[in-house]
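Dear colleague,

Please find below the structure that I am handing over to you. My findings follow after it.

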Amino acid sequence: INLYGLETPRAATVCDWVKPFSYYLDILQTRLGINTVRLPFSHDYIETGDFSKMDEIVSYCQTHNISVILDWHRTESTHQGFSPNSSIPLYHFVIDWLQLIERYYHFSVVAGIGFFNEYQGDDLQFVLEYSTRAIRAIESIFPHRTYYFVGCRRWSGDCSGMGALMTLPEWPRISVSYT
């Protein structure tokens, strides 16, 4: 289940003007048995330096045993960009991930990270490059800490060739995200 909204200019969960996010998570957990949420965010959200909403959600999930997949959904909060480096250098993508993993390292429910699942281009090598670069950087500092969900090219509509990720030592913790 997506608990979305942090990736938008509003930087708050959807429908929080009606009920707090915890209300919806409680219903999803108790009535439907949902035990994992995907938490989309944008680079812009990280750049603000105000992690209060994300901190609140992750803390709530920790106390309620709900796993979290952090999802770099957008770079710009105002729109879905072409690629993770549509308006920033690729190293910012890696730095942002390192910052988030360090921030939530001791939260056992933060189980996975989703690499930009809506790359709009056709360049398979580019997807493999930014994913591999981020995985290697993360693993060099936080070995065996997380699962990886890697989006494919063409808005995750073409996953051919993604098997190349199986050559990485982390391949048992890598899933190709077809969304």
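This is a predicted model: local features need pLDDT of at least 70, side-chain atom pairs count only at pLDDT 80 or more; totals for chains, interfaces and linings use all residues.

Two strands are said to pair if DSSP finds at least two bridges between them. Strands β4 and β5 (residues 174-177) pair in the parallel sense over four bridges.

Between β3 and β4 the chain passes through α5, giving a right-handed β-α-β crossover.

Taken together, the strands form an open sheet of five in the order β1-β2-β3-β4-β5, with parallel pairing. Its edges are β1 (36-42) and β5, each of which pairs on one side only. Neighbouring strands are turned against each other by 25° on average, direction ignored.

Two helices should be noted against this sheet. Helix α3 (residues 52-63) packs on it and touches β1, β2 (67-74) and β3, with its direction at about 170° to that of β1. Helix α4 (residues 90-103) lies across β1, β2 and β3 and runs at about 160° to β2.

Finally, the largest nonpolar core comprises 52 residues, and M54, L70, W97 and F115 have the most contacts inside it. Helix α5 (residues 124-141) supplies the largest share of this core, with nine residues. The contacts of W97 include F41, L70, I113, F115 and I138.

Yours sincerely

Terms used:
Residues are numbered from 1 along each chain as its sequence is written. Side-chain values use heavy atoms; hydrogens and water are left out. A nonpolar core is a set of buried Ala, Val, Leu, Ile, Met, Phe, Trp, Tyr and Cys residues joined through side-chain atoms within 4.5 Å. Buried means under 20% relative accessible area, exposed over 50%, partly exposed in between (1.4 Å probe, protein chains only). Contact means heavy atoms within 4.5 Å. A crossover is right-handed if, with the strands pointing away from the viewer, the path from the first strand over the helix to the second runs clockwise. Axes are lines fitted to C-alpha atoms, for helices over the stretch in contact, and angles run from 0 to 180 degrees between N-to-C directions. Lists of a residue's contacts leave out its neighbours within four places in sequence.
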